[in-house]
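Please look over the structure shown here.

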Amino acid sequence: MDTQFLVSLSIILATFGLYIGIAVFNTAKQTSDFYVAGRGVPPIFNGMAIGADWMSAASFIGMAGTIMLLGYDGLAYIMGWTGGYLLLTFLLAPQLRKYGRYTVPEFIGDRFNSHTARVIAAITTIIISFTYSIGQLSGSGVVIGRLFEIDAKLGTMIGVVLIATYAAFGGMKGITWTQVAQYIILIIAYLIPVIFMSLQITSSPLPWLSYGELVGKMGELDRELGISEYFAPFTNGTKWQFLALMFTLMAGTAGLPHVIVRFYTVSTMKAARWSGAWALLFIGLLYLSAPAYAAFSRFILMTKVAGSKITELPAWTKTWVDTGKLQLADGNGDGVLQWKELIISNDIVVMATPEIANLGVFVIGLVAAGAMAAALSTAGGLMIAISSAFAHDIYYRVMKPNATEKTRLNVARISIVVATLFAGLIALDPPGAITQIVAWAFALASGTFFPALILGVWWKRSNAQGVIAGMLVGLGVTLAYIFAAKYGGFTILGIIDTGAGVFGASAAIIANIVVSLATPAPTQKIQEEVLDLRYPEQMVYKNGEVWMNDDGTKAL
Amino acid sequence: MKKIDKSVADAYFREKNRNMIIYFAIWFLVSFGAVMIAEPLSEISIGGFPFHYFMGAQGAVLTFIILLFVNAKVSDGIDKKYGIDEEKNVRLSEGKSLDH
């Protein structure tokens, strides 16, 4: 029990108290509250909630580490995870809001008038959100593991219990306002260490401007060591892999059920556009800082840690070696730790750097609390997506249309607990780094929902058979490519598992178009509903004409 | 309920789409475009950054944020031009959502 442990734990407990307080205050009583917060969250706050929902353990804990290890090639994550918001906000969010349903499978089921499509969409939602939550649990394992100085596996188990309890009793409404609080905590927790490091190393309080020279300086250090320069492009993969990964992350962003559902919580199409803009601004604050975080961490490790005597390593190294994520071995036996002898996992860079840079117990505790906020908030959104796909789309809309509200809420809660436990089991021995696991979830989303939603909203001729074929082919191709690339060493143009979405999306679009054209067109009513999505709420497309609803009543 | 002339409705849709195509063209250039020519860009330096690195780490993200706000603002203007009243939209969309 050292001071650090006590400080970190109290900060984490204090922030948890805050989230639980907000959640209890807003406990969901009705179904519409549970899934979409009763639609009326103002755009700025919805933007923050989207930000918290969006920025997961992968963004908070994993991304800077990934950039640090990959250099320029890691920036595909930065551009991919932000650029997708244009696809989402321009092409999908307002239109889906006008259509007005609770969940993505519900849109697909009703737009294509097919229970089969609805069930496939619900199962896909579960697969995507499940994969994503493995990354979150494995992230919470890193944080808790470090906190209690135990193996990350044990940490993961504690995280499972926390997340299941937390998500099962809140619902979306509790979660919306909780996520606003979580956004604020996590962004402060991320910016403070970056700004402190910037002051320490460059004596400038603006890391975004000051780390440029560091990037150049590290290039020189790398040349001396005879390794490829930090900023040199395409050293860890081909240019095609970079482009494919970026596309996968962008298209996946526009197809992630737990993010799209956020846009159902706004009041109108206009509010959806503004929510998207605010969300990216809030997200951008962290994404613009992550490469700076990476540069400072690498610089400190290269100049202060590498080159010191093995016997005189600072105390922080031991606690991190204990979590199993840091390896220090004096390979050439000269008693000095070389840069090449230091093997650091992507996933601990953000957590370990404040300790390495000696930023003090308070900042280290704050970063731990921020990381927990990131993992919890995203896991909460994911669990809502899983439970609504199961309890709402499969159980209620298909299996038991007469189920009472109470039964449905119970089914939702049970599905959350079951999903978390399963994801936790896999997270015990995570099949990849956090960013990599999360990238698979994006690949699956870009191979299934991205094509289905884009064609569903913008092409009236797309029909049930087309979307079913598209989703199945997209899912199959993406999964096959991920496994073939990761375990079979099969690649095209050097594109590895994380870039699989580009193949999944192309195959799904082709399948959707070909099958739709080969089968009868959707009914006139459905086609008109699709055309109606081109116009704001007040304009209505009906019987081949556009009408202006001037009296603002619902009499349609 | 009042019928809107087809040409007016089409003009609304075209105007929105034209803007969207412009935004996506810029989006493509700053992200995919900049990556495709990363090697020549790395010769240029801006604020200490090699230019390709700057685009990936900051330039593209800033452009995306600006585009989203421009779109939100400009779309509001277009809605206004065609006489769309946001308050009526709010009332209409409350009724539009399917209640279970």
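The report covers the model, the chain contacts, a sheet and the nonpolar cores.

## The model

This is a predicted model: local features need pLDDT of at least 70, side-chain atom pairs count only at pLDDT 80 or more, and totals for chains, interfaces and linings use all residues. Residues are numbered from 1 along each chain as its sequence is written, while chains are lettered from A and ligands numbered from 1 in the order in which they are written.

## Where the chains touch

In chain A, 52 residues are in contact with 51 residues of chain B. Contact means that the C-beta atoms of two residues, placed from the backbone, lie within 7 Å. Several elements of chain A each supply at least two residues to this side, including helix H5 (75–99), helix H9 (207–225) and strand E4 (545–548). Helices (H or I, at least four residues) and strands (E, at least two) are DSSP runs, numbered from the N terminus.

H12(A) gives the most to the side of chain A that touches chain B, with 11 residues. By class, that side of chain A has 28 nonpolar, 14 polar and 10 charged residues. Here Ala, Val, Leu, Ile, Met, Phe, Trp, Tyr, Cys and Pro count as nonpolar, Asp, Glu, Lys and Arg as charged, and the others, Gly among them, as polar.

Three strands form an open sheet in the order E3(A)-E4(A)-E1(B), with antiparallel pairing. Strands pair if DSSP finds at least two bridges between them. The edge strands are E3 (539–542) of chain A and E1 of chain B, and each pairs on one side only.

E3(A) and E4(A) pair over four bridges. Met539(A) has Met548(A) as its bridge partner in E4(A). Two residues lie between these strands in their hairpin, where Asn543(A) takes a positive phi near 50°. Three bridges join E4(A) to E1 (residues 2–4) of chain B. Across this pair, Trp547(A) stands opposite Lys3(B).

## The nonpolar cores

The largest nonpolar core has 210 residues. Such a core is a set of buried Ala, Val, Leu, Ile, Met, Phe, Trp, Tyr and Cys residues joined through C-beta atoms within 7 Å. Buried means that 20 or more other C-beta atoms lie within 10 Å of the residue's own. Helix H15 (residues 361–399) of chain A gives the most to this core, with 23 residues.

Among the residues with the most contacts inside the largest core are Ile386(A) and Phe64(B). Apart from this core lies another, of five residues, among them Tyr535(A), Met539(A), Ala9(B) and Tyr12(B).

Terms used. A residue is buried if 20 or more other C-beta atoms lie within 10 Å of its own, exposed if 12 or fewer, and partly exposed in between; C-beta atoms are placed from the backbone.
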